[in-house]
2 protein chains.
Amino acid sequence: MATISKENYLKTIFNYKANSGVNATTVKVAQDLSVSNAAISEMAKKLSEEGLISYKKYKGMELTSNGEKVALKVIRRHRLWELFLVKALGIGWNEVHGEAERLEHHTSEFLIDKIDEYLGFPDFDPHGHPIPKKNGTIPKTPKVILLSEAEKDNVYEFVRVDDRDSELINYLIRIGFLLNTELTVVDKLSFDNSVTISFNKKTLSMSNKLTKSIYVKAVKN
Amino acid sequence: MATISKENYLKTIFNYKANSGVNATTVKVAQDLSVSNAAISEMAKKLSEEGLISYKKYKGMELTSNGEKVALKVIRRHRLWELFLVKALGIGWNEVHGEAERLEHHTSEFLIDKIDEYLGFPDFDPHGHPIPKKNGTIPKTPKVILLSEAEKDNVYEFVRVDDRDSELINYLIRIGFLLNTELTVVDKLSFDNSVTISFNKKTLSMSNKLTKSIYVKAVKN
DNA sequence: TTTTGAATTTAAGCATACTTAACTTTATTA
DNA sequence: TAATAAAGTTAAGTATGCTTAAATTCAAAA
């Protein structure tokens with residue numbers, strides 16, 4: 001059975017791979033879930049026995065197709081809740097992650113489908129992440145890169161942001177840097193790996209850490 | 001700390017008293033929560049130590065004012081979710097109880113207040129139960145009696161129904177007997193304690209069990 | 001007042017999901 | 001290739017919230 005804890009492990013393993021491109025390791029999952037490494041080893045054994053991940057001791061872990069199905073359902077619920085809270089209740093996009101984090105584990109398929117319908121079967125959540133469909137497919141996403149990897153003098157569109165840190169999003173709101181904003185990379189300092197961008201006639205510098213949470217897509221001109 | 005389990009115990013103890021007028025006993029709470037009597041004894045000890053109920057072995061249990069505060073918060077979340085699911089998502093009033101039963105434990109005060117605001121700070125849920133206010137007060141309710149206690153030839157209004165049994169509400173929907181319907185008690189059979197009512201030009205007989213889940217208020221004429 | 005059956009509590013045990021501490025494996029580097 | 005540090009696993013223990021079985025208390029009837 002997929003308990004809340006197991007849903008979170010599977011979701012984390014999926015997201016780790018989706019974000020980094022490589023398989024999740026014990027340490028990485030432990031950091032993400034804020035539990036001990038020992039807890040991961042233990043749970044990995046169980047998830048493996050249940051056929052939800054493939055796991056060889058000391059060799060990292062990977063979702064099986066069954067495990068991925070479960071992960072996608074959880075992620076679907078999370079992202080639909082986020083968008084619903086923004087659209088239906090007017091809650092700020094910096095405030096919905098934590099709520100969705102809990103609601104995602106307590107929402108029947110019946111209810112999440114009603115929410116999906118209410119929203120018109122949307123493709124993206126308020127932070128630009130694709131929302132898995134009921135049938136398990138994932139909407140096509142544009143080719144995105146981290147702002148830290150953007151090139152000087154090129155023009156990009158801000159299309160996605162890590163939703164886990166509400167303070168980060170708060171800052172973006174304060175400076176008026178919202179999803180779908182067009183920006184130009186004005187400068188890159190190799191000294192501190194900061195990136196200077198201009199958007200809406202403003203110019204400002206973003207720290208390396210910041211540019212590693214912001215995803216952009218190239219704009220053709 | 002108030003875990004999900006503890007929230008459910010407190011809610012059940014509160015509702016038992018509210019419905020029956022007398023304090024909850026071990027057996028009654030166990031039946032309501034579908035757990036063993038032993039589980040109740042154990043939990044009663046813990047809730048008592050935490051100052052949420054007053055409890056003397058073998059003598060039943062009663063919420064303290066702190067326990068009642070917690071119970072009212074849970075009930076507030078439950079009833080607001082029920083109404084919200086009906087109003088915002090068009091979900092049937094026979095389908096919302098189970099969803100609310102889970103969501104009530106995973107909703108921040110911030111979120112439930114947003115829902116409350118969205119709904120215009122309503123006083124009653126879709127089944128006619130009063131919704132506790134943010135400050136812990138309960139809206140004034142009309143003097144209600146069970147349909148089983150209604151008198152022959154008198155006129156009443158259907159104002160509340162036990163929300164836990166979705167099949168019961170399904171039946172009421174099928175026969176078109178909705179909240180706020182006016183009815184007349186046409187007959188009462190002492191043979192099987194059934195009650196015959198007429199409403200909207202229809203006449204039908206309700207079993208004793210049914211009439212013990214339906215609350216009505218007298219209509220002045 | 002004693003008996004008896006229902007209600008209740010206690011005791012022992014289990015599953016889940018954590019922890020810390022000790023130990024093992026792996027990968028790197030010197 | 002051997003040392004070492006980081007990563008990972010195992011072992012033992014904890015808290016929560018259940019279970020069943022046995023023991024106790026209560027209340028009502030004989």
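Start your tour by selecting residues 182-189 and 194-199 of chain A: these are strands β5 and β6, which run antiparallel and are joined by 5 bridges. Strands here are DSSP runs of E with at least two residues, helices are runs of H or I with at least four residues, and both are numbered from the N terminus. Two strands pair if DSSP finds at least two bridges between them.

A word on the model: it is predicted, local features need pLDDT of at least 70, side-chain atom pairs count only at pLDDT 80 or more, and totals for chains, interfaces and linings use all residues. Residues are numbered from 1 along each chain as its sequence is written, while chains are lettered from A and ligands numbered from 1 in the order in which they are written.

Now click on D187(A); opposite this residue, in β6(A), stands T196(A). Then move to the turn of the β5(A)–β6(A) hairpin, where 4 residues lie between the strands and N193(A) has a positive phi of about 55°.

Look for F199(A), whose bridge partner in β7(A) is K202(A). This hairpin has 2 residues between its strands, and N200(A) takes a positive phi near 45°.

Finally, show both chains. Here 12 residues of chain A are in contact with 12 residues of chain B (C-beta atoms, placed from the backbone, within 7 Å). On the chain A side, color α4 (65-89), α5 (96-103) and α6 (109-118), the elements that each give two or more residues. Of these, α6(A) gives the most, with 4 residues.

Notes
Contact = placed C-beta atoms within 7 Å.
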